[in-house]
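Dear colleague,

Please find the structure below, handed over for your records. My findings follow it.

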Amino acid sequence: MSRLAEKRILLGVTGGIAAYKACGLTRQLIQAGACVRVVMTRAAQSFVAPLSFQALSGNPVHLDLLDTAEESAMGHIRLARWADLILIAPATADFMAKLRAGLADELLGAVCLAAEVPILVAPSMNRAMWSNPATQDNASCLAARGIRLLGPAEGGQACGESGYGRMLEPAEICRAMEKFFVQGSLAGRTVLVSAGPTREAIDPVRYLTNRSSGKMGYAMAQAAIDAGAKVTLVSGPVALDPPMEAQVVRVESAAEMFKAVVGLATRHDIYIGTAAVADYTPATVAEEKIKKHEAALVIRLTRTRDILTAVASLPNKPFTVGFAAETGNLESYAREKLEGKGLDMIAANRVGQAQGGFDTHENALWVCWNGGVKNLPMASKQDIAIQLIELISENYRAKNST
Ligand code: CTP
């Protein structure tokens, strides 16, 4: 039986060419056993007739905010209360902007504003409209408020162009919605992830850094989101797009990362320190660019503060997970870090080899906690992250049930 069976889905259809695909989507939702009510914007009615949705959903289609008969039958508040979930598909750039602004000039906007249930949005628009900073900003803002974005996908578009902006296919939307009704292992939990390298300034143009790409940390953030957690990502400088749903705090130096993470840690249930934080930083930062001379240059470095140790010694410390990047003696060094830093769990990986570790797509981890160890064999960083999130949530639950 589908997880959508008997779920009450309010499908909002806005005015884009993909509105015709919402007919197939309605059919698939009904076939999965869902109860579907459709709300159409005025523009959507220029693409598809309401009668099509009425026939496919088996329910009257809701069109007007100020229709008195409609209001008495099922107004915007009752529609919002009726639904287990609201799905906007297709969602135009215009509707996303309205949703962000909280406009209620049409029935669908008013329903969304009154909703206390999850809202999923499947964007559909021309690729330039999607990549426009205004739309990107709207998408990030909606995601940060907990509205889930499904897609868009990449490919050929009705306008003849090609790129990101296609609405996901109805089957993909249904699959994503099914996942939504599964209680993830971290549902209701808050997770703080640090990721990427840090940059330690030498002078205005030079810095010390390391080979971390941030891929493992970003994969951990995404896996935690997929497991149902609300995620804050403190990121050093990397060339990656963060997960849409994560709240992102960008930092540069080890000192900035320390301040951000330690400041946020006690507001989270779990802290996962994947960042490759510099252990040393120049004792002074030259105000002017350092000029070259014949003699060798000596830069005096001082120690940075250890973020994990600081988090693990907070009075209301979160469940604290560290990483260990080692070129040898992996298990003994990792155990030393687990105990020395007062961690709940440590995930160790071998670095400095062709496969796995820094700046690669794959990783293998040896995970250790007080009372257990587990090997996660070489796999994509995404797969490893999913497995590690499951281990973390099992141990987090075990710790909190005792
Ligand atoms: N770490 C940290 N703060 C630092 C340095 C490291 O929180 N100033 C964290 C990293 O985020 C990682 C863990 O410590 O989770 C281990 O980092 P790693 O570089 O392997 O070890 P170090 O503790 O720096 O020790 P060493 O470099 O001697 O191996």
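Contact here means heavy atoms within 4.5 Å. Leaving aside neighbours within four places in sequence, E106 is in contact with T41, R42 and L65.

This is a predicted model, in which local features need pLDDT of at least 70 and side-chain atom pairs count only at pLDDT 80 or more, while totals for chains, interfaces and linings use all residues. Residues are numbered from 1 along each chain as its sequence is written, and side-chain values use heavy atoms, with hydrogens and water left out.

**E106**

E106 sits in the loop that joins helix 5 (93-101) to helix 6 (107-114); helices (H or I, at least four residues) and strands (E, at least two) are DSSP runs, numbered from the N terminus. E106 is buried but has no salt bridge, and R42, the nearest side chain of opposite charge, is 4.0 Å away. Buried denotes under 20% relative accessible area (1.4 Å probe, protein chains only). A salt bridge requires a side-chain nitrogen of Lys or Arg within 4 Å of a carboxyl oxygen of Asp or Glu. The E106 side chain does, however, reach the backbone nitrogen of R42 at 2.9 Å.

**The ligand**

The shell around the ligand draws most on strand 16 (319-326), which gives four residues. Helix 12 (307-312) supplies at least two. A nitrogen atom of the ligand lies 2.9 Å from a backbone N or O atom of I307. The protein buries 77% of the 570 Å² that the ligand exposes when taken alone (Shrake-Rupley method, 1.4 Å probe).

With kind regards

Technical notes: Buried < 20%, exposed > 50% of the residue type's maximum accessible area, 1.4 Å probe, protein only. Lys, Arg positive; Asp, Glu negative; His and termini not counted. Polar contact = N/O pair within 3.5 Å; in protein donor to acceptor, adjacent residues only side chain to side chain.
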